[in-house]
Amino acid sequence: MNNSRRRFLKVAGLSVFALSSGVAGLAHAQVAPGRYERGAEALKAKRWAMVIDTRAFKSADEYKPLIEACHAAHNVPNIPGKQEIKWMWLDTYDHAFPDDLSEHQKPSLLQAQFPLLCNHCTNPPCVRVCPTQATYRMEDGIVAMDYHRCIGCRFCMAGCPYGARSFNFVDPRKYLSDPVPNPAFPTRMIGVVEKCTFCAERLAVGKMPACVEASGGRILFGDLDDPSSSVRKALAENFSIRRKPNLGTQPGVYYLI
């Protein structure tokens, strides 16, 4: 057994122990700093958050342009079946909000589809269990990915309670057009995990997330720590819910219903 494999098994063993015992600190080194170089026009926040006004979407079809914009911006491959890669997807109310389910909710709500993505939690369990710091929380609250550090152990997928991560079981580049939809964004390789990153690379050059731009104002994005921001005002004036709030992860994605 070579040294690199021995070291991986040692670190992986600590992560498994952390998952099973709750002592997450054993698998969690110092949080890695953000690796996105911000330009002069970069958008900044103390804590980025997203507010999705589901009342403004009349059908599941109206979410499709948002998903397409997200996937095109990040070269997400279209792999059919159980090996699909998804950054943003749709699911039913009972799957999205199992803790908020009431049999007496209005039928239109229970039958509706909701857009789901990484929740960019304040207390992200995926970060705690990653043995290589391939997933890390940036200072502005974004849970980012370093694909070069990912060893494909999938502990982050086991730690995420929202199903927000996808694993590349096959070479994703074989399922992309030539040229790729966005040559400026790196493609991934077989054996790594990926997910939504709140478009950190776009924020770094002064652009809003792709889904926000495609939403026509129906998705808000801003600084949760700024009382004057659009997200704070929307949350103050409307009833909102988050996914699985009882877990204590403090999701950064809110839904107006």
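Q: What does the accessible surface of the protein come to, and what share belongs to carbon and sulfur atoms?
A: About 13000 Å², with 52% belonging to carbon and sulfur atoms. Accessible areas come from the Shrake-Rupley method with a 1.4 Å probe, and for residues only the protein chains shown count as cover.

Q: What kind of model is this, and how are residues numbered?
A: It is a predicted model, where local features need pLDDT of at least 70, side-chain atom pairs count only at pLDDT 80 or more, and totals for chains, interfaces and linings use all residues. Residues are numbered from 1 along each chain as its sequence is written, and side-chain values use heavy atoms, leaving out hydrogens and water.

Q: Which strands form the open sheet, and in what order?
A: The order of the four strands is β8-β1-β10-β9, with mixed pairing. Strands are DSSP runs of E with at least two residues, helices are runs of H or I with at least four, and both are numbered from the N terminus. Two strands pair if DSSP finds at least two bridges between them. β8 and β9 are the edge strands, each pairing on one side only.

Q: How many bridges join β1 to β10?
A: Four, and the two strands run parallel. Methionine 50 has valine 253 in β10 as its bridge partner.

Q: What else is methionine 50 in contact with?
A: Beyond neighbours within four places in sequence, its contacts (heavy atoms within 4.5 Å) include Leu117, Phe198, Cys211 and Ile219. Met50 is also among the residues with the most contacts inside the largest nonpolar core, which has 55 residues. Such a core is a set of buried Ala, Val, Leu, Ile, Met, Phe, Trp, Tyr and Cys residues joined through side-chain atoms within 4.5 Å. Apart from it lies another core, of eight residues, including Val51, Ala234 and Leu235.

Q: Changing topic: which residues of helix α9 are buried?
A: In α9 (residues 230-237) they are Val231, Ala234 and Leu235. Their directions from the helix axis to the C-beta atoms fall within an arc of 95°, so they line one face of the helix. Buried means under 20% relative accessible area, exposed over 50%, and partly exposed in between (1.4 Å probe, protein chains only).

Q: What covers them?
A: The cover includes β1, β8, β9 and β10. On the face turned away from the buried side are the exposed residues Ala236 and Glu237.

Q: And asparagine 168, buried or exposed?
A: Buried, at a relative accessible area of 1%. Asparagine 168 sits in the loop between β6 and β7.

Q: Which side chain does a polar contact join to that of asparagine 168?
A: That of glutamate 194, at 2.9 Å. A polar contact is a pair of N or O atoms within 3.5 Å; within protein, one must be able to donate a hydrogen and the other to accept it, and residues adjacent in sequence count only if both atoms are side-chain atoms.
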